[in-house]
Amino acid sequence: MTIPYGLSQRGLQAAVVCWLISAVIGFISGCCSLQLFSFLAIIAFPAVGIYSFMNVDPSTKAVLVTGCDSGFGNALALHLHDLGFVVFAGCLMKDQAGDGVKQLDEVGKSTGRLITVQLNVTSEDQVAAAVETVRTKLPSSIKGLWAVVNNAGFSTFGEMEWVPLSVYETVASINLFGLIRVTKGFLPLIREAQGRVVNVASMLGRMGAYGRSPYCATKFGVEAISDCLRMEMKKFNVDVAVIEPGNFIAGTSLYNADVVKAQSKKMWDGMSDEIRNAYGQEYFDKKTEVMLSYTTAGVSDVSPVVDAMTDAVIRVYPRCRYQPMAAYEYFKIFVATHLPEFVFDALFL
């Protein structure tokens with residue numbers, strides 16, 4: 001039997017809550033807090049275990065995942081298919097027969113449960129066509145669409161003065177407005193199934209990072225949109241979950257050395273002489289080298305993110321937020337969100 005995602009974390013959270021309740025009641029009433037803790041734990045731990053094993057039946061559910069050409073989306077589509085879901089894999093490069101699309105199509109041939117869909121999330125026409133494709137290809141035994149996983153994304157880097165406004169608009173059109181466009185298109189089917197929307201944000205949706213303002217701005221937006229949508233969808237019994245991955249650049253195609261070098265050259269060539277002189281070639285090249293180092297940094301195994309996404313899809317009662325990241329990244333977010341800014345700057349800048 002596979003241990004459910006996050007079981008140990010849920011157990012730890014239950015233990016902390018039981019301890020806090022028993023400590024407060026013990027202090028107020030004078031009773032033995034250890035006995036009270038034991039009583040609460042006997043109730044809480046089995047409840048956590050039962051909750052953690054409550055899954056939906058994948059054979060009765062259909063899921064749409066965006067950004068399936070590579071990375072998280074590709075791995076998730078294959079994994080959900082293996083679990084028994086009907087999977088609609090939105091691919092930017094389907095019309096160009098990209099490698100990722102060929103892989104998914106080959107797997108889908110044998111079962112008919114993995115269907116690739118041409119999907120550029122910035123295109124109203126393609127999103128509308130994808131909605132129609134899902135409607136027509138949903139098996140008659142499946143009611144509505146159980147989940148939409150908004151995974152498609154794009155990133156760039158550079159200080160604000162270096163990055164043209166058009167680049168900010170491009171990143172936002174994919175990461176934020178593309179997510180909104182897809183969600184709005186599929187919400188009627190999600191409401192019909194009383195399913196869920198799973199949005200991929202980032203740890204950089206919880207904290208800023210040097211030279212990443214285009215990306216951070218959109219991921220902060222994803223966090224806000226998700227919170228608002230979660231409140232709005234409660235009346236329809238629709239859940240909204242957010243995935244906040246740490247640094248998995250090495251395991252995705254979001255960045256590689258060629259992409260960084262091309263973006264760097266385009267930025268430098270597009271700067272005015274005044275900005276070039278203000279920063280200097282040496283400083284600019286140094287920051288480009290830092291970004292190049294990120295392409296091989298972080299975790300190359302994307303399974304922690306795929307496991308978090310899967311839990312958000314398959315769990316009867318999903319979490320509102322999942323944070324597949326290293327302990328160091330948890331600490332960094334804590335410092336950024338709970339301590340004065342000068343502490344963060346002193347530690348990390």
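A residue is called buried when its relative accessible area is under 20%, exposed when that area is over 50%, and partly exposed in between, with a 1.4 Å probe and protein chains only.

The model is predicted, so local features need pLDDT of at least 70 and side-chain atom pairs count only at pLDDT 80 or more, while totals for chains, interfaces and linings use all residues. Residues are numbered from 1 along each chain as its sequence is written, and side-chain values use heavy atoms, with hydrogens and water left out.

I begin with the aromatic rings. Rings of Phe, Tyr and Trp (its six-membered ring) form a pair if their centres lie within 6.5 Å; planes under 30 degrees apart are stacked, over 60 edge-to-face, and the rest tilted. Under this rule there are eleven aromatic pairs. One of them is stacked, because Tyr-51 and Tyr-317 have ring centres 6.4 Å apart and planes at 15 degrees. Tyr-51 belongs to helix α2 (residues 33–52) and Tyr-317 to the loop between α12 (303–314) and β7 (321–322), so this pair ties together parts 266 residues apart in sequence. Helices (H or I, at least four residues) and strands (E, at least two) are DSSP runs, numbered from the N terminus.

Next come Phe-72 and Phe-248, an edge-to-face pair with 6.1 Å from centre to centre and 75 degrees between the planes. Phe-72 lies in helix α3 (residues 71–83) and Phe-248 in the loop between β6 (239–243) and α9 (257–270), 176 residues apart. Phe-72 counts as buried because its relative accessibility is 13%, and Phe-248 is buried at 6%.

Ring pairs also join Trp-162, Trp-268, Tyr-279, Tyr-283 and Phe-284 into a cluster.

Charges meet rings as well. A charge sits over a ring if NZ of Lys or CZ of Arg is within 6 Å of the ring centre and within 35 degrees of the ring normal. The charged end of Lys-287 sits over the ring of Tyr-210, 4.6 Å from its centre. Arg-191 has its charged end over the ring of Phe-236, at 5.4 Å from the centre.
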